[in-house]
Structures are given as structure tokens and as C-alpha cells.
Amino acid sequence: MIAETVCSAASAAGLGIAVVTAYRKRFLAAARIAAYSLVPVGLVMTGVVGWAADTAFSPTAWAGFVLLGGAWLLFMTTRAVERRSGGTRKERRAAKAAQREAVAPAASAPSLGQSARPATRPAASPRPAKSGDDFTDIEAILKKHGI
């Protein structure tokens, strides 16, 4: 009963302020104030105020609010971690698949892209006709390194 009286008084005061604001030729602001001042009476008439008064003194309701707050906290924490780790689960799966395809297991050289420094190696000379001579391989290696 007290809550309904307080809400009615707040609405009456708000409507009085809206009338004064309209008298000062600020009609848009007066309409906005009138809208806000009608909300408490609307809440009383729909029964929300009575429900809120009953809920405020119920330990079960407070436990429910605590659980809702914990769920909200977990949800927001997981969203923050997800944003920090780089996108949604779908995007991470696509990135993993692309990474697996980029480096094939049977590849002869890693596909790392362009290196930071340009390659300055001379072109390899063709091998001599003698394949049984071990020194020709060594000579080719030494020439390749400039020795």
C-alpha cells in the first residue's frame, strides 16, 4: 500500500514538472518528462510493484538473483576470453584447417613464404658426367659456398 502511494506521488510530481516545462515553451522536454512520470503509475496498475515488494523480502528470490548474476558473469567472462583469443569457435576451426593445409606433411620444404633477406646464392652448376667420383660432389659443395 505504501509503495502504491509513493509511486502515485512521484507520478504527480513528475506531471507537475512537465506542466512547468511546457509553460516555458519546451514541449519536447515536457512530453519526455510526462512519459517518465507515468511509468510508476503504470507499474502499480500492472502489479509489478506488488511483485517487486514480495520479491524483495524473499530469500529464494535473492538466491535466484545471485544465480542469474553468476550466470551473467560467466557469460561475460567467456565472451571476453573468446574476443582475446581471436574470434568465434567457427573462425578458430577455419584457421586451424587452413594452417593444416598450408603445411602439408609430405612437403619437401616448409611453406613459410618470402624470407626477410633475399637469396644471394649463385646458381648451381650442372653435375659432371662421372657419378661414381665422390670428390666431384665435394667440389660442387665447396664451389656453392664460395671456397
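1. A residue counts as buried under 20% relative accessible area, as exposed over 50%, and as partly exposed in between. Keep these cut-offs at hand for the points below. One caution: this is a predicted model.

2. Start with Ile 33. Its relative accessible area is 28%, so Ile 33 is partly exposed. Ile 33 sits in helix 2. Which residues does Ile 33 touch, leaving aside its neighbours within four places in sequence? They are Gly 14, Ile 17, Ala 18 and Thr 21. Helix 1 covers residues 2-23.

3. Now look at the loop between helix 1 and helix 2, where Lys 25 lies. The phi of Lys 25 is near 65°. That is a positive value, and Lys 25 is not glycine. Why does that deserve a second look? Most residues other than glycine have a negative phi. Is Lys 25 buried or exposed? Its relative accessibility is 64%, so Lys 25 counts as exposed.

4. Step back to the whole chain. The protein chain has six helices and zero strands. In sequence order the pattern reads α-α-α-α-α-α. The chain holds 147 residues, and buried residues make up 8% of them.

5. The surface has a nonpolar patch. Its members are Val 39, Leu 43, Val 48, Trp 51, Trp 62, Phe 65 and Leu 68. Together they have about 710 Å² of accessible area. Two or more residues come from each of helix 2 (27-46), helix 3 (48-56) and helix 4 (59-85). Which helix gives the largest share? Helix 4 does, with three residues.

6. Take Leu 43 as one member of this nonpolar patch. Leu 43 is part of helix 2. Its relative accessibility is 35%, so Leu 43 counts as partly exposed. A patch residue needs over 30% relative accessible area. Leu 43, at 35%, is above that cut-off.

7. Arg 89, Arg 92, Arg 93, Lys 96 and Arg 100 form it. Among them, Arg 92 belongs to helix 5, which runs over residues 89-102. How exposed is Arg 92? Its relative accessibility is 32%, so Arg 92 counts as partly exposed.

Terms used. Residues numbered from 1 in each chain as written. Predicted model: local features only at pLDDT ≥ 70, side-chain atom pairs only at ≥ 80, totals over all residues. Heavy atoms only, no water. Patch = residues over 30% accessible without salt bridge, like charges linked within 9 Å, V, L, I, M, F, W, Y side chains within 5 Å. Areas by Shrake-Rupley, 256 points an atom, 1.4 Å probe, with all protein chains shown as cover. Salt bridge = Lys/Arg side-chain N within 4 Å of Asp/Glu carboxyl O. Lys, Arg positive; Asp, Glu negative; His and termini not counted. Charge placed at Lys NZ, Arg CZ, Asp CG, Glu CD. Helix = DSSP H or I, 4+ residues; strand = E, 2+ residues; numbered from the N terminus. Buried < 20%, exposed > 50% of the residue type's maximum accessible area, 1.4 Å probe, protein only. Contact = heavy atoms within 4.5 Å.
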